Amino acid sequence: MTRSSARRTPPRAAATTAIALAASALIGAPASPASADGEDRPAYLGKSLYTGEFHAHTSVSDGVGLPPDAYNHVHDETDADFFAVSEHDVMWDIRNGDDFVDDWRDADSAEWRYLHETAEKFNAGQKELVAVPAIENTWYDGTGHINVFDSDWHVTARATEKGSVDGYGNAFGTGDMKYDYFTFLARLKQDPDAIGQFNHPSTKDKGDFFGFRGLDPVADDRMELIEVKSADAVGEFQKALDAGWHLAPTWNGDEHSATWVSGNPSITGVWAEGHSLDALYAAMRDRSLYSTADTNAVLGFGGNGKLMGSVLPGDTTGLDVELRLADPDVKDSFTSARLVTNGGAVAHDFGAISGNDLTLKTKLNVRDGDFYYVRADQADGNFLVSAPIWIGKTTRGANYAPKITVPGDFPATARYGDTVTLPRATATDDSGPVRRRLAGPEPVLGQARPPGLRKVGRQAGVAVVEPGHGEPSVGQHGAQVVGPHHHLHGRTHDQQ
């Protein structure tokens, strides 16, 4: 089933009208004002509904065709409003150099420039589909894969490992040695415009980001999305939310063949203020999205008059919930709807429901640290999952990385071969009582260092990370660590 649109497929105009009418009734208000192309759309809490997918490939990495082929196919064969090509970094640019470029036009990578140039040209030539250039950072060490949107720079993931959780062997070279998952997050944090998406998280497949570690408030502001495409993925979504991340679910095809968007009956619903790249990025940052296995099913979820994805004040004690569900297809009746909260508990079950146009309401007693999202199921087995509404900025039980303090006189840059004295850095953490102190000689950039690490003491609440042996990296709680087996938080690096 595809979401019909009269602007590209005139024979389906009747279906478009059915969707508009159903959605208008669902929302309980008139459809949004006519868009520039004359199409009415469902509207809810000040935003209009668009659909799209944000993960696909061409032969620039390991797919087929080229980005213009993908854009034209989606434009001609589907009714998606947004579509992203997100190529695997380690398959097309096994090097470094563009991780701090300020403008993609100045990038050394011809492939990176090409992705942006083709999207820009396609968008300039028509108004029905917004093409979205992106990159999929790809680790084969059990980390997983992450899409990045709205960035001029790009990194190449460290690709030295021999295989991921699913046994897929890495045959793509070394990548950029410094960019493990945690160093990548450190770079992502430096760009307030960048948007990250956790792709296909799984403990049995590409990886689950080490249990969704690396959380801190700034990284949380950058990572906005997570793919939710199956019952197992709902479990990973729950795990990420419980870890403290603020994320909206997406459904993406991850196509590697010439069936972009058209090859599946699912889509991402995007509540946005307009049909443009900037409006899409704003909706991603607002997390006003839902994942649906049915392309024309509509989900509107609000609490206290705020749309899904919102963070309400921590002193909120009551949540007036409104849930709107609609689908123009008679056989796609909704059969259940639940509000799910911390730990996967069901905060409210709306019971046995039936119909294609429903308005459901309830009131919940809430407290600081709560979150609530919707799972709605249909008679044919399809289901929809909304972004949560959070109470307070910090999820109860969130596992935040240590806060690292480095002296202000430490040099920001160094050239290969320069000798740099590593500073004494302090990492303060709130997740455990025992910390370790590390010390050792000063490293020299570009020179080999002897293995080993000396443990020189402990203190509660603070980890003092000093120069040591081994190659510096970013630890699994975000701290700078030295060597693969040092002790921090009372555990070895390998155990975290």
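Mentor: The model is predicted, so local features need pLDDT of at least 70 and side-chain atom pairs count only at pLDDT 80 or more, while totals for chains, interfaces and linings use all residues. Residues are numbered from 1 along each chain as its sequence is written, and side-chain values use heavy atoms, with hydrogens and water left out.

Trainee: What makes α3 a helix, and what span does α3 reach?

Mentor: A helix is a DSSP run of H or I with at least four residues, and a strand a run of E with at least two, numbered from the N terminus. Helix α3 covers residues 110–125, which is 16 residues. The expected span is 1.5 Å times one less than the number of residues; α3 reaches 22 Å from its first C-alpha to its last, close to the 22 Å expected.

Trainee: Which residues of α3 are called buried, and by what cut-off?

Mentor: Buried means under 20% relative accessible area, exposed over 50%, and partly exposed in between, with a 1.4 Å probe and protein chains only. Trp-112, Leu-115, His-116, Thr-118, Ala-119, Phe-122 and Asn-123 are the buried residues of α3.

Trainee: Why are they said to lie on the same side of α3?

Mentor: The arc is taken from the directions from the helix axis to the C-beta atoms. They cover only 160° of it, which puts them on the same side of α3. The face turned away from that buried side carries the exposed residues Lys-121, Ala-124 and Gly-125. By contact (heavy atoms within 4.5 Å), the buried residues pack against α2, β3 and β4.

Trainee: Which element gives the largest share of the lining of the second largest pocket?

Mentor: Helix α3 does, with 5 residues. A pocket is an open set of points on a 1 Å grid over the protein atoms alone, where a 1.4 Å probe fits, with protein on both sides within 12 Å along at least five of seven lines; lining residues have an atom within 4 Å of a point. Among the 18 lining residues, those closest to the centre include His-116 and Trp-104.

Trainee: How do you know that β11 and β14 pair?

Mentor: Pairing needs at least two DSSP bridges. β11 and β14 have 6, in the antiparallel sense, and Gly-302 stands opposite Glu-322 in β14. β11 also has 2 bridges to β12.

Trainee: What makes β12 an edge strand?

Mentor: The open sheet has the order β12-β11-β14-β17. β12 and β17 each have a single partner strand, so one side of each is left without a neighbour in the sheet.
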